[in-house]
Amino acid sequence: MDERRVLTTCIWCGTGCSFYLRVRDGRMIGIVPSLSHRISRGMLCAKGWKSYEFAGHHERLKKPLIREGNDFREASWDEALDLVSGRLLEIKRRYGPESIQVLGSAKCPNEDNYILQRWARACIGTDNIDHCARLCHASTVAGLARAFGSGAMTQSISEIENADLIFITGSNTAEQHPVIAAHMMRAINRGARLLVIDPRKTPMARIADIYLSQRPGTDIAWINAFINVIVNEGLHDKRFIEEHTEGFSEMWEKAKNYTPEVAERITGIPADRLASAARLYARSERPMIFYSMGITQHITGTENVMSLANLVMVAGKIGRPSTGLCPLRGQNNVQGSCDAGVLPGTLPGYQPNSDEEILRKFEALWGTRPPSWKGITSTQGPDAILEGKIKALYSMGENIFSSHPDMNHMGEALRRLELLVVQDIFLTETARFAHVVFPATAWPEKEGTFTCTDRAVQLIRKAVDPPGEAMDDWRIIQELSNRMGYEMDFEGPEEIFSEMTKAMPIYAGMSYERLEEGGLQWPCPSPDHPGTPYLHKDGVFRRPGGKGKFHPTEHVEPPELPDEEYPFYLSTGRVSFHWHTRSMTGRIGLLEREYPVSLVDINPEDGKRLGIRSGERVRITSRRGSVECVARLTDEVPPGLIFATFHYAEASANLLTMNALDPTALIPALKVSAVRVEKVS
Amino acid sequence: MRGAKKLSWQDIVSALKALENEGYEVLSPKKNRWGDWLPERWIPDEAPEGFLNYYFPFLKEAVFPTEEPLFFLHGDRFLPYDPDSRKRAFFCARPCDATALAYTDHFFMGRFFPDSRYRARRRNLFVIVMACQVPCPKSFCTAAKAGPWARKGFDIQIYPCREGWLAEALTSRGAELISPYADADRDDISRARRELERGFPEEVHISRHQVKDAELNEWLGLRCFRCGACVWLCPTCTCYNQSQFGKDGVKREQDPCLFEGYHRLAGGASLRPTQAERMDFRYECKFGVGACVGCGRCSVGCIGYAAMEAYFERKGSRTT
């Protein structure tokens, strides 16, 4: 039969679903879910079912573009590559390698990200390398690494159905990780209880056994109150704490002050309900905690994560199947791009560039010593540009203008750059600022690997040819590197992956040949190792000494609170039918039809008070900007809180958000801003 | 029914080769290295046995694809795309899928919505059902009278039996294909059916007179996470929408009725603004019109808990 079906891994969230792309006459015509796959088991979300569509869109970039005045002209690859490599060398010579920033992409495979950071560190000599993990789970990587020694989901997705308590906080799982929600539903159907703590009444909150709505930005208070109840009522796991952890006393010095009554004053959660929820967690045999950006995107993001780690260790709910702490990673390969070292100060495999032995190892592998200084993050980039420290920015597959907080500030910075190069599949909002745009291949046109949220490395397989002259991301980087005098001669992704297994102990036992049979979960240290379904087995943590570390945490008020002028809390996020800045889902007809305009969720009480009805246009204003959206009155948000998305550039919530950063992870506080709402007459 | 035949494996091979000689591309289910069943070009190898299961409804896909380009702009005129109506034969089709085909035939080739593209493909589709020996997970095909053997929608149906295979034809072209082979007693086929049915308990009772149940719809609506799987996996769903294809073409694509946009009118008003109302719409279609064959795919693919399995379990009595 002339229809081919190519097994691959999904491009959207970090769940790691698998399906077959159906290809006929060189064109993708649909999807067949894989019933046998460990994670997706024949299930897909709406985006997954339609994931093939954007790659074939007629607006794909097909030739390199070079800026001429306010417009672009098409150019040959040779001309564009020569121009960029020459300009980068010139900027490096004039201002030093630290004047160049490189951004990777969690949409791209591990191999693309690995070669990008090698190019940045070994060829350019800069550690200013980062990617969108900075906006989602940088605080997870920092917080869990400190507490457990490993900044990743401790469990496997396939363990969820055996849990007896599903505990979700700060995650709209049904809309953002739908297939993980499906595993939760199976657990619930087997009798598991569902506990949700979230300011928004998400779809999972609506069917929860216990739903608690906290005031935004008060997570440390309720988590400490959980610990307070558990310890005061003797429900903590004393043996686990003594044998497998350190720092309990210091942590308790803080947590003992957070009685449920104190927490009620801070969070708004009734003390008795909070205490009941804490008891439910402590008494469950197999409770799994899931969280996402409702926990991480705060100025206390890292401390929020460490507080959850404290809770898990106090109750001894880790190191066994169907327990643990599960950050749900947002992007298909955000875990992998972190693994591959696209983070400042962190070489591939989470090996710090402050360690002399590790620097020597990479020097031997790359023939050049990587920088030992710690670069700046993507969120620090705009200020660094405006201060004149960064002169050139190279972005592989990131749409930072739309995805980062305070778009006006970002736009001002991008205009100031001496060189902006964007490598992408569409002319995104960021690409419109660029001096040179390289057309890259999309995911169905690539070979490589994605690493999903439960640390499983899985193959993606090429199904169709790219349009026009679009080139693989890794090859573009290699071409530039060779022109800049640092030779790389990889033949393809498999060879790059082979080098990754030499550089990264957590991937050491993997190969394409093994992955061909199915995913492998890191750490996988040797070719005969089966991979690691859950971490910290029997309480042996991955920190030096093998003990988990408690960290004392204290509630801190968000940097901006509602006041008379800006009386509403604004929380931002995504909806189920769109992805981030809509550069892909906006080109999928059925998804675009489902969510065709930028909506803002307003509680009906607030709507009534302001004279706003569903479907009417409203203006949202913060201290940084103003947008017009269409109102949707819903009890998904409590009175005093509104929710908006950053999907639509012209009405993006990121025109309103601020670039207040968590001091450790430098993640922006996208979940709390103060705004006012007005009806547009 | 046009007679009963007794076949050996060699007889089946020669019948399939005869189809190939007539220009049919013969497809049969193959389990790949990852454990998924997909249709592949038939190769005369070992006789099929046990569990044969396309999770995806490939038979419907052959006549009513998930999406298909309809027209493209040529100068100032729209020209149609070829409907791809090559001759195809499905060997070992599922009885539920054949039953579903009879339903979609009625829809697309009936008086109200005659569809030339569907008709062209259906005319060139030859269906050989293999009666099921093992029930699919979450299926209730016996109750829907679509399994373990098919009553309609096929050219030939084959039953495994101790001595080999029994076959019956439903169409003249099916009868012609198996005419050279030895006759069997119709009682043999009845016995084979009863034998198969013993492994397929009838767990639910389906009635066309569905009682409106607002509470049930509300409950299901809360657990529907709008993935669309129940539609894309359903062998009987016939709804589609038309949208842009490429720069200046038009395509049609199957359209999930549990999506809000399906029910939206020009100007933004919705015929069914709540998910509960959309659940009611779907189940009214599936049971009221008789468009459910009990294949169970929707329950396997549902990421929430709102498909047929949930519907029956929530009903409590497991009756509708």
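Select domain 1 and domain 2 of chain B, whose C-alpha centres lie 26 Å apart in this predicted model. The domain assignment, automatic or taken from a database, places domain 1 at 4–197 and domain 2 at 214–315 of chain B. Residues are numbered from 1 along each chain as its sequence is written, while chains are lettered from A in the order in which they are written. Local features need pLDDT of at least 70 and side-chain atom pairs count only at pLDDT 80 or more, whereas totals for chains, interfaces and linings use all residues.

Next, show the contacts between these two domains, where 32 residues of domain 1 of chain B meet 24 residues of domain 2 of chain B, a contact being two residues whose C-beta atoms, placed from the backbone, lie within 7 Å. On the domain 1 side, pick out α2 (58–63), β4 (67–74) and α3 (95–108) of chain B, the elements that give two or more residues to it; α3(B) gives the most, with 8 residues. Helices (H or I, at least four residues) and strands (E, at least two) are DSSP runs, numbered from the N terminus.

Now move to chain A, which has 25 helices and 28 strands. Its radius of gyration, taken over C-alpha atoms, is 24 Å, close to the 26 Å that the globule rule (2.2 Å times the number of residues to the power 0.38) gives for 681 residues, so chain A is as compact as a globular protein of that length. With the C-alpha trace of chain A displayed, its principal axes span about 70 × 65 × 60 Å.
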